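Open the model in your viewer and show the whole chain. We will go from the overall fold to single residues, one selection at a time.

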Amino acid sequence: MEAVLSDKECGYYMKLITFILGIGMDVLHTYFEQNILNAKEHLEFYMFLDKNKHNLYHECYPKIECCECSQNGLGMASQKGCLTKQQFLVLFEIGTLTEIDHFQTGRRSNEITKQCLCRIIAKRSNDVDCMDITLMYAIIQSCYLKHNIAIHGNPRCIEAIKDTRNFLAHVPNPRISKSEFDTRFTETEQAILEIGSSLGKYFTKVNQKNIDEFKRNDLSIEGIKKIIENNIDEIIKKKLQSLMKDQIKSTMMEFKEEWKIEVQNLTFQVLKDAMASCSIEKTSDSSGPQKNATACGVNVEETEEGNINVKKRRVEWKLLTPSTWNLPDIIDTLKKRSARLRQWFEIENVFEGSLVIQTLVQQNVLDNREEFRASVHLFLEKFVEVCRINADVPTVIEVALIIELGEFEKEETEEQPSNIEMKKKDETTCIAYNIDCQKCRQKDEIIDSLISLKEELYGKYLFFVFLHV
């Protein structure tokens, strides 16, 4: 019977994966730029690709000759290259034919027997950060390792990091045990440190400091979100996004809580909850301090504190007030004297019905359960004092606290522009063969598989004939 997986195992998975995509990829991109590009007369990334496009082309199309093969040889060590067609098209764009005699087709128009390499050009817009670890290792393997060309540092360490990435990408459940985490983290850390050591003593010192700090600190949702935004590893990003959704559901459940807070003879029954979107639109009726804020979970500009951006979240208070309270007077007082409560919650707006108060609170207060509860208590005490609420008669007041979730906690439903552009390309029909067309590439793959099957069957036929001679 399968053991029940714990939340800690999910945490180990996320810790290891963010280590690779964060610090790991920063070190690898710096390594590639310094030890490969700068070692070759400070090449730009596209210049490096153009210089090596013959090798890279045959890593993608090992069976198809190109117009440079007569000079450079067919640049393939086996019948299978280490670069996929999708990876190749990340690096290069396919132009129109300029040298017609460089391009040849077979009996079928879509069967290329010789490719014109002159029309394959490295994308000028690319930089080293267009490579995920799989693509980077494929490039280094194709341009250096397969040809026994030495480069500074130990590029074999990249393979160790790639192996951990592949393990995390293909593990059935996004969770790993502590022993698995400890083993793989140690191996990956050593590989990253060894790669980083080739970049100089200062970089090595900074890199070690960053790793030590990463190991000490817990993961934050903001940190994971940043890694998702800044990485191109689609498989890993999807796993992280799925884990983020699970974490948000768990967080929303943790927000649900009831408190009883007593202020003099008043008993506030506080129900703390969370919601993903704002229930009340902000109006211009507030006379309190205005902030540069959007709907939920925003960076609010603190102009009084020297233009420092402080992460704040919106908390909405709904008080079921007794009929004896003078609501218009309370609302007017809160608007005029909001500064006196700002230490705990910053009032954005106040509404009647019964009494609704929109406030902002710093994220670090919200993250600490005890500190948040203390702030709620002190805010209510000051609210009673400032508004001169009659506390002579024992009264129970129900309070609903609605903590609005941030934008990154909502499911992403909008399609990326790049995917839309790809769909538009897919809908077009090529008059002539084009490697950049998905339909042509699919035909290539089908033809390749049929040719392989034909060769296999032909080999079996010869073996059968041999046995019967």
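A contact here means heavy atoms within 4.5 Å. Keep that in mind for the first view. The model is a predicted one.

**Whole chain.** Colour by secondary structure. The protein chain has 16 helices and twelve strands. Among contacts with a separation of 6 or more, 70% join residues 24 or more positions apart. Of the 469 residues, 42% count as buried.

**Helix H6.** Select residues 133-143, which form helix H6. Is this helix enclosed or open? Nine of its eleven residues are buried, so H6 is largely enclosed by the rest of the structure. Show the buried side of the list: Ile133, Leu135, Met136, Tyr137, Ala138, Ile139, Ile140, Ser142 and Cys143. The buried residues of H6 pack against H1 (7-37), H2 (45-51), H3 (53-60), H5 (85-91) and H7 (156-170).

**Thr164.** Stay with one of those partners. Helix H7 holds Thr164. Its relative accessibility is 2%; buried means under 20%, so Thr164 counts as buried. Which residues does Thr164 touch, leaving out those up to four places away in sequence? Select Leu16, Ile20, Arg184 and Thr188 to see them.

**A charged patch.** Together with Asp129 they gather in a patch of negative charge on the surface.

**Two loop residues.** Most residues other than glycine have a negative phi. Here are two to compare with that rule.

- Select Gln264. The loop between strand S6 (257-263) and strand S7 (266-275) contains it. Gln264 is not a glycine, yet its phi is positive, about 55 degrees. Is Gln264 buried or exposed? With a relative accessible area of 63%, Gln264 is exposed.
- Select Arg388. Look in the loop that runs from helix H14 (369-386) to strand S12 (395-404). Arg388 is not a glycine either, and its phi is positive at about 55 degrees. Arg388 has a relative accessible area of 70%, which makes it exposed.

**Last view.** Show H6 and Gln264 together. H6 is largely enclosed by the rest of the structure, whereas Gln264 is exposed.

Technical notes:
Residues numbered from 1 in each chain as written. Predicted model: local features only at pLDDT ≥ 70, side-chain atom pairs only at ≥ 80, totals over all residues. Heavy atoms only, no water. Patch = residues over 30% accessible without salt bridge, like charges linked within 9 Å, V, L, I, M, F, W, Y side chains within 5 Å. Areas by Shrake-Rupley, 256 points an atom, 1.4 Å probe, with all protein chains shown as cover. Salt bridge = Lys/Arg side-chain N within 4 Å of Asp/Glu carboxyl O. Lys, Arg positive; Asp, Glu negative; His and termini not counted. Charge placed at Lys NZ, Arg CZ, Asp CG, Glu CD. Helix = DSSP H or I, 4+ residues; strand = E, 2+ residues; numbered from the N terminus. Buried < 20%, exposed > 50% of the residue type's maximum accessible area, 1.4 Å probe, protein only.
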